[in-house]
Amino acid sequence: MKRISAFQVMGPVMIGPSSSHTAGALRIAQIAARILKETPKEVDFYLYGSFAETYQGHGTDRALLAGMLGYATDHPDIRDAYRIADEKQLTFRFFPTELQEGMHPNTVAIKVVGTSGNNLSLAGASIGGGEVVITNINGISVAFTGEYPTLIVQQQDRPGVAAHITSVLAGAGVNIGTIKMYREYRGDRAFTILETDDRLDKELVQQILENQHIHDVFMID
Amino acid sequence: MFGSGKELLATCQNQRIKISQAMIQREQHLFESCPDQLRNQMLQQWRVMETSVESALNQSLTSMGGLIGGEAKKLMKRQQAGKAICGDITAKAVAYSMGVLEVNASMGVIVAAPTAGSSGILPGTLKALQEEHSWEDTHMVDALFCASAIGLIITEKATVAGAEGGCQAETGSAAAMTAAAICELMGASPEVSLHAAAICLKNVMGQVCDPIAGLVEAPCQKRNGIGAANALISAEIALAGVPSLIPFDEVVEAMGHVGRSLPESLRETALGGVAATPTGCALKEKLRQKK
């Protein structure tokens with residue numbers, strides 16, 4: 001069982017008004033920005049359910065932009081995210097969208113393009129108390145929270161890939177908390193997502209990339 | 001270690017310690033941190049709380065939805081003019097608590113205690129009392145640890161989320177946490193703190209979560225104000241030696257059960273309660289057209 005600390009009860013310190021509609025929304029965008037690995041240039045936000053209904057009154061739009069710009073959930077400038085996005089030449093659009101069946105009522109899908117042309121599409125749900133679940137990356141269904149140091153490995157579905165990743169982590173003395181694999185079809189594109197107990201070093205990414213079936217590695221620290 | 005009021009009380013009685021000390025011990029044990037570090041971190045939370053109380057009184061805040069703004073100042077004006085009918089401490093506690101909700105609704109910095117929607121009660125009430133009693137900050141840090149212990153038990157045995165348990169789970173929990181902390185600050189035993197928390201929760205049993213237009217503004221802000229009064233009066237009753245006939249743990253379980261029995265329309269969906277009244281719907285429509 002996960003142990004709750006005094007600072008989770010008496011916290012977090014956050015920008016209001018809503019942990020799910022403001023802090024949680026920001027965290028989903030923040031994870032997208034980290035996975036993109038470069039400065040975002042154009043971003044579209046598709047808002048579902050309660051996000052679509054109440055995004056302006058909850059500052060969900062500003063929180064999403066602030067997350068995309070790398071701000072933390074307690075940063076006082078979140079309110080000014082529109083202005084800051086303009087200054088940083090980030091163009092953005094919001095699309096309130098009809099909730100689809102089986103979707104969490106606080107869901108956002110993000111399509112973002114970076115300054116050197118890298119694309120990312122990511123969807124996530126804000127599940128309460130500022131906690132989030134990332135549900136989709138580039139069209140593949142996933143499930144992780146970003147609460148722990150997380151490695152996201154984009155790969156071909158081939159034998160030996162998981163063994164390579166785990167041996168690199170073992171060599172660095174990193175303990176794996178959870179490991180899950182997601183794929184579209186057998187032998188096709190896949191993701192391995194690992195949550196670790198220890199912080200991750202950037203050098204690990206290079207070592208993991210040495211396997212020919214691994215296309216890319218993203219790290220959320 | 002404790003997971004219930006009963007266990008918390010046993011820990012306190014066996015070691016002859018306060019609830020705040022039991023909570024600090026638990027943190028030390030579970031998260032391998034030292035007491036100085038923990039107290040320092042909690043002092044930072046208190047500083048944010050103090051700032052959130054002050055900014056509503058010193059600044060003109062506009063809420064994102066525009067349903068609230070300026071209420072804390074109006075209440076302070078009455079209190080400062082010597083007109084408060086419920087006494088100076090209560091009037092201040094109510095004004096401060098409502099002010100924090102203005103800060104929250106205008107995208108200011110707050111401490112979710114335990115949630116953003118109930119973030120006014122604990123800082124508002126404790127700040128008003130600190131001013132009156134000239135308590136040191138170190139006492140306020142203890143009070144926050146004591147309050148966290150109560151919040152922790154409610155979180156583990158029931159819920160503090162409006163979407164799961166209605167407003168009783170949010171502002172009710174915040175008030176219960178505050179009432180327990182007040183009793184410890186006043187030098188009462190851990191048992192008295194638990195009675196105060198139980199009395200507080202019983203008083204709002206069944207309170208629904210029905211935010212107008214789905215926003216954390218109204219009736220949330222006023223429920224924070226009245227939550228402050230609930231905390232003060234529950235503490236007053238317990239401090240007088242009047243116990244809660246139903247023990248804290250049983251009240252928490254009952255609250256969780258009532259929360260789960262509430263229809264979804266009354267759990268933060270803005271589909272029932274005052275949100276669904278003709279005026280509530282008209283306000284929602286007005287906000288929609290503003291887009």
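This is a predicted model: local features need pLDDT of at least 70, side-chain atom pairs count only at pLDDT 80 or more; totals for chains, interfaces and linings use all residues.
Then I looked up helix H2 of chain A (residues 19-36), which lies across S2, S4 (106-114), S5 (119-128) and S6 (131-137) of chain A. H2 runs at about 155° to S5(A).

**The sheet itself**

Next I traced the strand order in chain A and read S3-S2-S4-S5-S6-S7, an open sheet of six strands with mixed pairing. At the edges I have S3 (91-97) and S7 (140-144) of chain A, each pairing on one side only. Neighbouring strands of this sheet are turned by 20° against each other on average, direction ignored.

I zoomed in on S2 of chain A, residues 40-49: seven bridges join this strand to S3(A), and the two run parallel. I noted one bridge pair there, A:Asp44 with A:Arg93 in S3(A).

**Over to chain B**

How many residues of chain A are in contact with chain B? I have 29 of them, against 38 residues of chain B. On the chain A side, the elements giving two or more residues are helix H1 (6-9), strand S1 (13-15) and helix H3 (50-54). I sorted that side by class and got twelve nonpolar, 13 polar and four charged residues.

Last, I checked S1(A): three bridges join this strand to S1 of chain B (residues 109-111), running antiparallel. In that pairing I put A:Ile15 opposite B:Val109.

How values were computed. Residues are numbered from 1 along each chain as its sequence is written. Chains are lettered from A and ligands numbered from 1 in the order in which they are written. Two strands pair if DSSP finds at least two bridges between them. Helices (H or I, at least four residues) and strands (E, at least two) are DSSP runs, numbered from the N terminus. Axes are lines fitted to C-alpha atoms, for helices over the stretch in contact, and angles run from 0 to 180 degrees between N-to-C directions. Two residues are in contact if their C-beta atoms, placed from the backbone, lie within 7 Å. Ala, Val, Leu, Ile, Met, Phe, Trp, Tyr, Cys and Pro count as nonpolar, Asp, Glu, Lys and Arg as charged, and the others, Gly among them, as polar.
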